[in-house]
Amino acid sequence: MRTGNPVLKDSTFQAAHKGDTMTLSGTVAKIALLFVFLLGTAIYTWYQYSQGVNVTMMILIGAVGGLIFALITAFIPKAAPITAPIYAALEGFFIGGISAFGEMNYPGVVIQAASLTMAVMGVLLVLYATRIIKVTKNFRLMVISATFGILLVYVINLVLNLFFGMQVPYLHSSGPVGIGISLFIVGIAALNLVLDFDFIESGVKRGAPKYMEWYGAFGLMVTLVWLYIEILRLLQKIRR
């Protein structure tokens, strides 16, 4: 049992546990709470930007802080009840800032990206719940391989940009090839949601400890943030 999301690992559910166990309703409630934290700081950052405040530092704090707390949560799942809300709040600063910049350059793009993200999640949830999409071994392997391939390309692009002032060809291009690459990445990010749904459902069935509700919600939030960013980037490319 694996997922393309690197913060959700099969071994996380394997520890013996006595006491309250993970439930689907509890996980859904945790996801809703994380959304509240993320939206709260995102709206605050957007408001500050609209008032003429330079939100660059907020974006940096959100990006770096979010990464740090994501890693802490990934390596220490028991800390998720504390670290997951902090991650969501920090990520809100990042999302709010880049969304404000995107809206300034391309009016209406943010509501489009947010709507598409929620629509994709809803459609995939229905397809998974009705078993129209089945998580088979080959399906899982394909999504995991593609996800880590994308991660590798992003790491290479970051290294090239930092040390050589270069970028991976077409990755940020607004031409047909660049848009095609973004469509592919959006597709893989979306398919990771299916693996996340399957992983959370498996945790519930296997009686994972109660704190895994926060951890499962955190993992899904990581994928949703990635999906939103990629859809926002795709729409900006199309506008250009």
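Visitor: At what angle do the axes of H2 and H3 cross?

Guide: The axes cross at roughly 150° and come within 8 Å. An axis is a line fitted to C-alpha atoms, for helices over the stretch in contact, and angles run from 0 to 180 degrees between N-to-C directions.

Visitor: Why is H2 called roughly antiparallel to H3?

Guide: Angles over 145 degrees count as roughly antiparallel, under 35 as roughly parallel, 65 to 115 as roughly perpendicular and the rest as oblique. The angle here is roughly 150°. H2 is therefore roughly antiparallel to H3.

Visitor: What should I know about the model itself?

Guide: The model is predicted: local features need pLDDT of at least 70, side-chain atom pairs count only at pLDDT 80 or more, and totals for chains, interfaces and linings use all residues. Residues are numbered from 1 along each chain as its sequence is written, and side-chain values use heavy atoms, leaving out hydrogens and water.

Visitor: What counts as a helix here?

Guide: A helix is a DSSP run of H or I with at least four residues, and a strand is a run of E with at least two, numbered from the N terminus. H2 spans 56-75 and H3 spans 80-105.

Visitor: Which way does H2 pass H3?

Guide: The crossing is left-handed. That means the near helix is turned anticlockwise from the far one by less than a right angle; clockwise would be right-handed.

Visitor: What makes up the contact of H2 with H3?

Guide: Residues in contact have heavy atoms within 4.5 Å. Met58, Ile59 and Phe69 are among those in H2, and Leu90, Glu91 and Phe94 are among those in H3. The contact divides into 16 nonpolar, 6 polar and 1 charged. Ala, Val, Leu, Ile, Met, Phe, Trp, Tyr, Cys and Pro count as nonpolar, Asp, Glu, Lys and Arg as charged, and the others, Gly among them, as polar.

Visitor: Why is Gln236 called buried?

Guide: Buried means under 20% relative accessible area, exposed over 50%, partly exposed in between, using a 1.4 Å probe and protein chains only. Gln236 has 17%, so Gln236 is buried. Leaving aside neighbours within four places in sequence, Gln236 is in contact with Gly102, Tyr106 and Val109.

Visitor: Why is Ser182 called buried?

Guide: Ser182 has a relative accessible area of 2%, so Ser182 is buried. Ser182 lies in helix H6. Not counting residues up to four places away in sequence, Ser182 touches Leu234 and Lys237.

Visitor: Why is Arg131 called partly exposed?

Guide: Arg131 has 35%, so Arg131 is partly exposed. Arg131 lies in the loop between H4 and H5. Its phi is positive, about 60°, although Arg131 is not a glycine.

Visitor: What makes a nonpolar core?

Guide: A nonpolar core is a set of buried Ala, Val, Leu, Ile, Met, Phe, Trp, Tyr and Cys residues joined through side-chain atoms within 4.5 Å. The largest one here has 62 residues, and Phe139 and Leu193 have the most contacts inside it. H7 gives the largest share, 18 residues.
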